[in-house]
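This report describes selected side-chain pairs and helix contacts in one protein model. The sequence and structure come first, then the terms and the findings.

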Amino acid sequence: MRVALFVTCINDTLRPRTGRAVVTLLERLGVDVDFPAGQSCCGQPQFNTGYRHATEPLVRRFDRAFADHAYVVTPSGSCAAMVRDNFPRIGAKAAAEGRGRELAEAAARAVPKTYELTEFLVDVLGVTDVGAYYPHTVTYHPTCHGLRVLGLGDRPRRLLERVRGLTLKELPGAEECCGFGGTFAVKNPAVSAAMGADKVRAVTGTGAQALCTVDNSCLLHVGGMLARQGSTVRPVHLAEILASTEADARPAGRALPGGGDRGGAR
């Protein structure tokens, strides 16, 4: 099987190790991974800020970049949700405005082949045990787009529960937003910070060594607040945990994986 990796802006610029982890993981599972160089932003920041027309060229670009692939896999619940939930809205609006069905047709091609990583692993490959080893205590935050738009359900937890050496701690108020919300954090910084502070208290209260999500945007937000407080809790994307094996295990006393890139990781 051959798939295309849609790495997303956040991962490409701030957490490239997540993209590398996806490739490592999928190749270990026998999947060939392509990286179409023509890909760019999915348009989520523009669309969420009200610039629908400015998003339209990015819908076209996505369609062109991944035209030759039957599967597009992304380590981002929010970007997968942008494609699956909002691309059709953009296409429908353009058609209603009398500008043809080009965008609607592009959305129709993109939606069925775009998968968030855990969906692809569980629903397409049919695996929950990916051969991972991560000997740390982890708590999982289900991010809003993955939880409410994609309906990821228990897929991420099922994958984490099969990781050898990992102890999964329940996160109180797990379904509450962390406060990032993309441009929401810029427009409403005080509210965003207050929500983030609530999430940080819940995370640190678990006693976990690492905080895991399927979205690095949320990890950067919460991870940044954890870092400013001097917390030792590490923000780690689920893909990085699933890509880890016993051969990668660090000697006692070394830092957990997940802190080597810029952003919230210290």
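## Terms and basis

A residue is called buried under 20% relative accessible area, exposed over 50%, and partly exposed in between, using a 1.4 Å probe and protein chains only. The model is predicted: local features need pLDDT of at least 70 and side-chain atom pairs count only at pLDDT 80 or more, while totals for chains, interfaces and linings use all residues. Residues are numbered from 1 along each chain as its sequence is written, and side-chain values use heavy atoms, with hydrogens and water left out.

Helices (H or I, at least four residues) and strands (E, at least two) are DSSP runs, numbered from the N terminus.

## Salt bridges

A salt bridge here is a side-chain nitrogen of Lys or Arg within 4 Å of a carboxyl oxygen of Asp or Glu. The model has 19 salt bridges by this rule.

One of them pairs D34 with R2, with the closest N and O atoms 2.6 Å apart. D34 belongs to strand β2 (residues 32-34) and R2 to strand β1 (residues 2-5), so this pair ties together parts that are 32 residues apart in sequence. Both side chains belong to partly exposed residues: D34 has a relative accessible area of 21%, and R2 has 46%.

R52 and E97 form a salt bridge with an N to O distance of 2.5 Å. R52 is in helix α4 (residues 52-65), whereas E97 is in the loop between α5 (77-96) and α6 (102-110), so the bridge ties together parts that are 45 residues apart in sequence. E97 is partly exposed, at 37% relative accessible area.

The salt bridge between R158 and D154 has an N to O distance of 3.8 Å. R158 is partly exposed at 34%, and D154 is partly exposed at 42%. Elsewhere, salt bridges that share partners join R52, E56, E97 and R99 into one network.

## Packing of α5 and α6

Axes are lines fitted to C-alpha atoms, for helices over the stretch in contact, and angles run from 0 to 180 degrees between N-to-C directions. The axes of α5 and α6 are 7 Å apart, and the helices pack at an angle of about 160°. The two helices are therefore roughly antiparallel (angles under 35 degrees count as roughly parallel, over 145 as roughly antiparallel, 65 to 115 as roughly perpendicular and the rest as oblique).

Which residues of α5 and α6 make the contact (heavy atoms within 4.5 Å)? On the α5 side they are V83, F87, P88, I90, G91 and A94, and on the α6 side L103, A104, A107 and A110. By class, this contact of α5 with α6 has nine nonpolar residues, one polar and no charged. Ala, Val, Leu, Ile, Met, Phe, Trp, Tyr, Cys and Pro count as nonpolar, Asp, Glu, Lys and Arg as charged, and the others, Gly among them, as polar.

## Packing of α4 and α5

The axes of α4 and α5 come within 10 Å of each other and cross at roughly 115°. From α4, the residues R52, T55, E56, V59 and F62 meet M82, V83, F87, I90, K93 and A94 of α5. The contact of α4 with α5 has seven nonpolar, one polar and three charged residues.

## Helix α7

Helix α7 (residues 117-124) is mostly covered, with six of its eight residues buried. Those buried residues are L117, T118, E119, F120, L121 and V122. After α7 comes G126, which has a positive phi near 70°.

Note on methods
Contact = heavy atoms within 4.5 Å.
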